[in-house]
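Work through the exercises below with the sequence and the 3D structure open. Try each task before reading its solution.

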Amino acid sequence: MAHSTIERWHEIVKSRDIAALKALLADDVVFESPVVHTPQSGNAITVKYLAAGLHVLNNGSFQYVNEWRGPHSAVLEFQSSCDGILINGVDMITWNDEGLITHFKVMIRPLKAVNKIHELMGRMLQPEAGQQR
């Protein structure tokens, strides 16, 4: 199941298929953003954050550069560039026995990259950002 879940995730990144993203996430999935203080719970809000992330980061420069897999988890290191700022980060993904993602944590470095992602994602998620703080 490990390879199936991550392979499905890689296909979603390539296709930006939001329906497939929604289907890959458990109903009670928890999303942790590098720029939002509290974890976000639920399929709907996680879809919004990940869809916005796919839009902002997956801009032609995005690529996964390394990955580490376990039986029910994986860490995927990525890099991208936004407005001339190199972004390096990891997606930490956990899934259940059915292959549905139950936890998705994104960590980004350096500080300039975190600030840029905060700015760009904030524009896309303005109503949600105000409600979730």
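## Exercise 1: the cavity lining

Task: Find which element supplies the largest share of the lining of the largest cavity.

Solution. The structure is a predicted model.

Step 1. Start with the search of the whole structure, which finds one cavity of 30 Å³ or more. Its volume is about 250 Å³.

Step 2. Look at the residues around this cavity. There are 22 lining residues, and Leu-50, Gly-53, Leu-54, Leu-57 and Val-106 lie nearest the centre.

Step 3. Assign the lining to elements. At least two residues come from each of α1 (2-15), α3 (43-57), β6 (101-109) and α4 (111-124). The largest share, six residues, belongs to α3.

Step 4. Sort the lining by class.

## Exercise 2: the nonpolar core

Task: Find which residues of the largest nonpolar core touch the most other members, and list what Ile-93 touches.

Solution. 

Step 1. The largest nonpolar core has 38 residues. Those that touch the most other members are Trp-9, Phe-78, Ile-87, Ile-93, Phe-104, Ile-108 and Ile-117.

Step 2. Trace this core to its elements. The helices α1, α2 (18-24), α3 and α4 and the strands β1 (25-32), β4 (73-82), β5 (85-95) and β6 each supply at least two residues. With eight residues, α3 gives the most to this core.

Step 3. Take Ile-93 and leave out residues up to four places away in sequence. Ile-93 then touches Ile-6, Trp-9, His-72, Ser-73, Ala-74, Leu-76, Ile-101, His-103 and Phe-104.

Terms used: Residues are numbered from 1 along each chain as its sequence is written. This is a predicted model: local features need pLDDT of at least 70, side-chain atom pairs count only at pLDDT 80 or more; totals for chains, interfaces and linings use all residues. Side-chain values use heavy atoms; hydrogens and water are left out. On a 1 Å grid over the protein atoms alone, a cavity is a set of points where a 1.4 Å probe fits but cannot get out, and a pocket is an open set with protein on both sides within 12 Å along at least five of seven lines; lining residues have an atom within 4 Å of a point. Grid points are joined across faces, edges and corners, and a volume is the space filled by probe spheres set on the points. Helices (H or I, at least four residues) and strands (E, at least two) are DSSP runs, numbered from the N terminus. A nonpolar core is a set of buried Ala, Val, Leu, Ile, Met, Phe, Trp, Tyr and Cys residues joined through side-chain atoms within 4.5 Å. Buried means under 20% relative accessible area, exposed over 50%, partly exposed in between (1.4 Å probe, protein chains only). Contact means heavy atoms within 4.5 Å.
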